[in-house]
Amino acid sequence: MATKRFNRGVALVGAGMSNFGAFPGKTTRDLFVEAFKDMRASVDKGFDPKDIEECYFGNYSSSQFEGQGFTAPFIANAVGMNPKPAIRAENACASGGSALRLGVMAIASGIADMVLVGGYEKETDQPTEKVTEILATASDNLYENVAGFTFPGLYAALATAYMHRYGATGETMMKVALQNHENGALNAKAQFGKKIGDFIKMKQKSAEKKGKPIPEWDDEMAFLRDPRANPVISWPMRLFDCSPVSDGAAALLLVAEDMAHNFTDKPLHIIGNGIASGVPMHDRTDLTTIETATEAGRIAYEMAGKSPKDIQVCEVHDCFTMTQVIATEDLGFFKPGEGWKALEEGRTARDGDRPINTSGGLKSKGHPVGASGVGQIVEVWKQLRGEAGERQLPGEPTLGLTHNLGGSGQVCVVNIFERR
């Protein structure tokens, strides 16, 4: 099969997001307005929102989280887009990445010259048990969630299989959490902008305030090993192995490549876009890899004319810590079974040779499901433009990648961006 190429180049000229976290009293509309304003401020030469021709929004389940279905026209109205076409993309946790795919296709096909892409989710108004129930609807209701599988359980099966085959341990996953919280502590928009050491101090202050004995741990790893501080959620995964329940929104402005310099002298060119779908987890023959990620990556690399060694900035879908390790192998950065070793050697840290999730990832930045894939792109935008502040990678990186999973990995979207 011939390598696919866009009929017309597509550029990213603006990217922004709301804070990620828990925001009682706010709706997805409120959060998206914040993201839209942040995106608008990022467009160096400005733009007239009236020139936007199409809107594509990623959202998983506002119908269950907020009791509001049919969100696209309401969100479009909130930022003054009516009567422009507005379409909602639902692809579980890959809804945001799928919305970008639709926006790219609209411009590449010539249907539109300027497109608004967004993502949003408001989860924290529901109790944890209800959130778990809603998210479980993205698993197979014939064979998985009816048998008691929630997403921590599904991804724990992946983690267990990987550990058994390759020798990784629970402490490997703890080191992912350590790394991502180190990065997230430098991200002002992160839900948990704290290092693990900051959580230790919070625990100690809370105990002191309540007049209880002040707990002590020798170091951060001792804290993460302690089942009182870091209880098991679904073995072998503990609390700090799981991304949080989150609210948030993110927004992007896409334009035809030949128009990009009307908006900024530093556009990002979308040179690779791959998406793949796969079988439910119970039908897979290998639980140490997510085949949709490998396939989506292959398509994106071929389209871009790049290989894994070329990528300098990478945001992967770390809904759970072991998923990040598996993603680094699925994307070709490390051989199968070598990703956990690279992590423990510090190679995926911000100062390593293969930095992963400089934003803090979903683990620290937060995981408002429909917004997550778009939020990843905001980080790549900042890094490739040299605007990531304290977490900025050295050497003026020019190539970035995002990896956005849906469900138990039944869908994956991979995008490759280039600053020229």
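Start with the whole chain in view: of the contacts (heavy atoms within 4.5 Å) between residues at least 6 apart in sequence, 76% join residues at least 24 apart. This is a predicted model, in which local features need pLDDT of at least 70 and side-chain atom pairs count only at pLDDT 80 or more, while totals for chains, interfaces and linings use all residues. Residues are numbered from 1 along each chain as its sequence is written, and side-chain values use heavy atoms, with hydrogens and water left out.

Next, switch to a cartoon. You will find 14 helices and 11 strands, which are DSSP runs numbered from the N terminus (helices H or I, at least four residues; strands E, at least two). Along the principal axes, the C-alpha atoms fill a box of roughly 60 × 45 × 45 Å. Of the 420 residues, 57% count as buried, that is, under 20% relative accessible area with a 1.4 Å probe, protein chains only.

Now select helix H13, residues 361-365, and stop at lysine 365. Which side chain of opposite charge is nearest to lysine 365? It is glutamate 315, 4.2 Å away; lysine 365 is buried yet has no salt bridge (a side-chain nitrogen of Lys or Arg within 4 Å of a carboxyl oxygen of Asp or Glu). Lys and Arg count as positive here, Asp and Glu as negative, with His and the chain ends not counted.

Then pick glycine 375: its backbone oxygen lies 3.4 Å from a polar atom of the lysine 365 side chain. To finish, show the residues that lysine 365 contacts beyond four places in sequence, among them Met17, Phe20, Asn187 and Gln376.

Methods: Buried means under 20% relative accessible area, exposed over 50%, partly exposed in between (1.4 Å probe, protein chains only). A polar contact is a pair of N or O atoms within 3.5 Å; within protein, one must be able to donate a hydrogen and the other to accept it, and residues adjacent in sequence count only if both atoms are side-chain atoms.
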